[in-house]
Amino acid sequence: MSDVFVNSETRLYGLIGHLVESSKSPAIHNKLFESENINGTYLAFDVERRSLEEAVKGLRVLGARGFNVTIPFKESVIDYLDDIDASASDIGAVNTVLIENGRLVGYNTDGRGFCAVLEDEGVDLADSKILLIGAGGAARGIAFALSEHDFNCLDIINRNEKRGSNLAKDLNDIRVEYIGNEVKDKSKYDLVINTTSIGMTPNEEVSPMIVDGFKSTAVFADIVYKPHETKFLKEAKCLGHKVVYGIDMLIYQALLSEEIWQKNIFDKKSLKYSIRDVI
């Protein structure tokens with residue numbers, strides 16, 4: 001962001017999480033501020049688990065306008081908020097907090113951001129069979145957003161049985177099922193989504209599953225954006241599958257967060273391309 005925007009009236013926004021030093025969120029939000037002539041600045045704050053409550057209180061005291069929440073605090077941050085949007089309450093995870101009149105209100109833009117990317121990429125969810133890898137905060141946001149679409153089935157796999165079964169139960173949708181930690185019939189799926197952090201830098205050589213046995217038309221999506229092309233997506237691409245990258249979800253969920261903070265609707269598709277140039 002140009003220094004011309006920083007003065008005594010500059011509004012503070014930020015990201016709280018752990019191991020966020022290489023996050024692309026500051027570049028995304030500050031580019032938006034520059035493009036839309038918004039007097040704001042966005043910083044990433046690395047927070048230890050034991051310091052989460054103090055970090056949240058600190059942002060309120062500093063007069064921040066809002067902040068994003070990432071791994072590992074999307075669920076635990078709820079304990080320190082004054083209110084929570086109905087959708088985020090159903091999901092049980094928050095990635096966006098608005099601070100207004102001293103009150104902290106939580107929202108979740110992960111799932112809507114992800115579905116917007118699928119639409120941009122021409123991925124048709126109608127009657128599709130979906131495999132969701134993971135059951136954490138990001139998975140919950142995506143699953144609840146997907147549940148608003150006319151898919152055929154959504155199968156969830158996760159190492160933690162309790163988390164996986166709870167997500168399926170919370171969705172309360174006969175099309176959704178927790179199927180354990182492995183897939184017996186890969187050939188039926190049209191869309192495979194990794195919502196875990198497996199494959200993220202610095203562990204680029206691991207993948208959430210072996211990419212074989214899927215139908216040739218299956219689409220693979222990963223929410224991990226560091227590296228840009230994870231091993232999971234690289235192997236899928238090598239086998240001829242269409243892939244959807246995590247960076248676009250990051251951009252879209254960020255722009256949806258900004259719409260909450262700025263109380264304004266942005267041309268997200270246009271901004272996506274200009275933001276890509278700086279990250």
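Q: Which residues of α5 and α6 meet in this model?
A: Glad you started there! In this predicted model, Ala139, Arg140, Ala143 and Phe144 are the residues of α5 that meet Asn166, Leu167, Asp170 and Leu171 of α6.

Q: How do I read the geometry of that pair, and at what angle do α5 and α6 pack?
A: Look at the angle and the axis separation together. The angle between α5 and α6 is about 30 degrees, and their axes are 11 Å apart. Angles under 35 degrees count as roughly parallel, so α5 is roughly parallel to α6. As for handedness, α5 passes α6 in a right-handed crossing.

Q: Which residues of α6 are buried?
A: Start with the general idea: an α-helix has 3.6 residues a turn, so residues three or four places apart point the same way. Now the case here: α6 spans residues 161-171, and its buried residues are Gly164, Leu167, Ala168 and Leu171. Because they cover an arc of only 95 degrees around the axis, they sit on the same side of α6.

Q: What covers those buried residues of α6?
A: Among the elements covering them are the helix α5 (137-146) and the strands β7 (129-133), β8 (153-157) and β9 (176-178).

Q: And which exposed residues does the face turned away from the buried side carry?
A: On that face of α6 you will find Glu161, Lys162 and Lys169, which are exposed.

Q: What caps the N-terminal end of α6?
A: Asn160 does, with a side-chain oxygen 3.0 Å from the backbone nitrogen of Lys162.

Q: Which residue just after α6 takes a positive phi?
A: That is Asn172, whose phi is about 50 degrees.

Methods. Residues are numbered from 1 along each chain as its sequence is written. This is a predicted model: local features need pLDDT of at least 70, side-chain atom pairs count only at pLDDT 80 or more; totals for chains, interfaces and linings use all residues. Side-chain values use heavy atoms; hydrogens and water are left out. Buried means under 20% relative accessible area, exposed over 50%, partly exposed in between (1.4 Å probe, protein chains only). Helices (H or I, at least four residues) and strands (E, at least two) are DSSP runs, numbered from the N terminus. The arc is that of the directions from the helix axis to the C-beta atoms. Contact means heavy atoms within 4.5 Å. A polar contact is a pair of N or O atoms within 3.5 Å; within protein, one must be able to donate a hydrogen and the other to accept it, and residues adjacent in sequence count only if both atoms are side-chain atoms. Axes are lines fitted to C-alpha atoms, for helices over the stretch in contact, and angles run from 0 to 180 degrees between N-to-C directions. Angles under 35 degrees count as roughly parallel, over 145 as roughly antiparallel, 65 to 115 as roughly perpendicular and the rest as oblique. A crossing is left-handed if the near helix is turned anticlockwise from the far one by less than a right angle, and right-handed if clockwise.
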